[in-house]
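Trainee: I have a new structure open and would like to learn how to read it. Could you take me through it feature by feature?

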Amino acid sequence: MQLVVARIGRAHGIKGEVTVEVRTDEPELRLGPGAVLATEPAHVGPLAIETGRVHSGRLLLRFEGVRDRTAAEALRNTLLIAEVDPAELPEDPEEFYDHQLMDLDVVLADGTEIGRITEITHLPSQDLFIVERPDGSEVMIPFVEEIVTEIDLEEQRAVITPPPGLIDESEAVIASVRDEDSAGDDAADDGKKGGA
């Protein structure tokens with residue numbers, strides 16, 4: 001099975017290095033020197049990693065045969081794809097591959113059905129589950145421990161405890177900055193009146 005493990009960003013320097021947006025929890029395993037990765041678009045690859053290093057918090061890679069900035073820039077936005085055994089599991093029991101999470105039923109702690117995971121979006125700050133509701137609408141669920149409390153692969157379900165308004169907009173609590181500011185102004189006015 002093929003998994004997207006990174007997306008190539010802009011060129012770095014003049015010797016063929018590129019920045020990489022990592023999309024795997026195991027970059028040392030998937031993106032180490034010597035790894036040969038398929039690509040999307042396919043005609044760009046396969047690409048063999050020659051060197052890798054971290055610079056200012058970003059992973060930089062150099063591929064065999066890519067020796068200058070022009071060649072590196074031509075790789076921009078290419079997806080790097082690793083071949084993974086479908087039976088393979090991440091070392092950490094709290095981590096999951098995307099293919100394990102796809103099509104899981106999403107339910108509340110009381111068993112109320114919310115929908116089914118149809119897509120996983122990887123953002124810099126967190127991952128999002130795109131969940132298709134029974135009525136065909138979609139809801140985005142942040143894949144964070146406070147909201148997704150359990151992943152049960154045997155039962156094929158993800159249990160969530162959403163904050164008010166995440167699933168049902170009618171439950172949303174709207175906090176207004178204006179209300180807080182006016183409350184502060186009233187308190188200030190009261191203080192002025194008491195001093196007279």
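Mentor: In soluble globular proteins, nonpolar side chains tend to be buried together. A nonpolar core here is a set of buried Ala, Val, Leu, Ile, Met, Phe, Trp, Tyr and Cys residues joined through side-chain atoms within 4.5 Å. Buried means under 20% relative accessible area, exposed means over 50%, and partly exposed is in between (1.4 Å probe, protein chains only). In this predicted model, the largest nonpolar core has 22 residues, and Leu31, Leu61, Phe63 and Leu80 touch the most other members.

Trainee: Which elements give two or more residues to this core?

Mentor: They are E1, E2, strand E4 (47-55), strand E5 (58-63) and strand E6 (79-83). E1 gives the most, with five residues. Helices (H or I, at least four residues) and strands (E, at least two) are DSSP runs, numbered from the N terminus. There is also a second, separate core of 17 residues, which includes Phe96, Leu101, Phe129 and Val139.

Trainee: What does leucine 31 touch?

Mentor: A contact means heavy atoms within 4.5 Å. Not counting residues up to four places away in sequence, leucine 31 touches Val5, Ala6, Val22, Thr24, Leu37, Ile49, Leu59, Leu61 and Leu80.

Trainee: Before we go on, what should I know about the numbering and the model?

Mentor: Residues are numbered from 1 along each chain as its sequence is written. As the model is predicted, local features need pLDDT of at least 70 and side-chain atom pairs count only at pLDDT 80 or more, while totals for chains, interfaces and linings use all residues; side-chain values use heavy atoms, with hydrogens and water left out.

Trainee: What pLDDT does the chain average?

Mentor: pLDDT is the predictor's confidence in each residue, from 0 to 100. The chain averages 80, and 80% of the residues score at least 70. Over residues 179-196 the pLDDT is below 50, and this stretch has zero contacts in the model beyond near neighbours in sequence.

Trainee: How many helices and strands does the chain have?

Mentor: You will find four helices and twelve strands. Of the 196 residues of the chain, 32% count as buried. Among the contacts with a separation of 6 or more, 46% are between residues 24 or more positions apart.

Trainee: Now for charges. How many salt bridges are there?

Mentor: Side chains of opposite charge can pair when their charged atoms come close. The rule for a salt bridge is a side-chain nitrogen of Lys or Arg within 4 Å of a carboxyl oxygen of Asp or Glu. By this rule there are six salt bridges. In one of them, arginine 7 pairs with glutamate 21, with the closest N and O atoms 2.9 Å apart. Arginine 7 lies in strand E1 (residues 2-12) and glutamate 21 in strand E2 (residues 17-22), so the pair ties together parts 14 residues apart in sequence.

Trainee: Where is threonine 39, and is threonine 39 buried or exposed?

Mentor: Threonine 39 is in strand E3 (residues 36-40) and, at 6% relative accessibility, counts as buried. A polar contact is a pair of N or O atoms within 3.5 Å; within protein, one must be able to donate a hydrogen and the other to accept it, and residues adjacent in sequence count only if both atoms are side-chain atoms. The side chain of threonine 39 reaches the backbone oxygen of proline 41 at 2.8 Å. A polar atom of that side chain also lies 2.9 Å from the backbone nitrogen of glycine 45.
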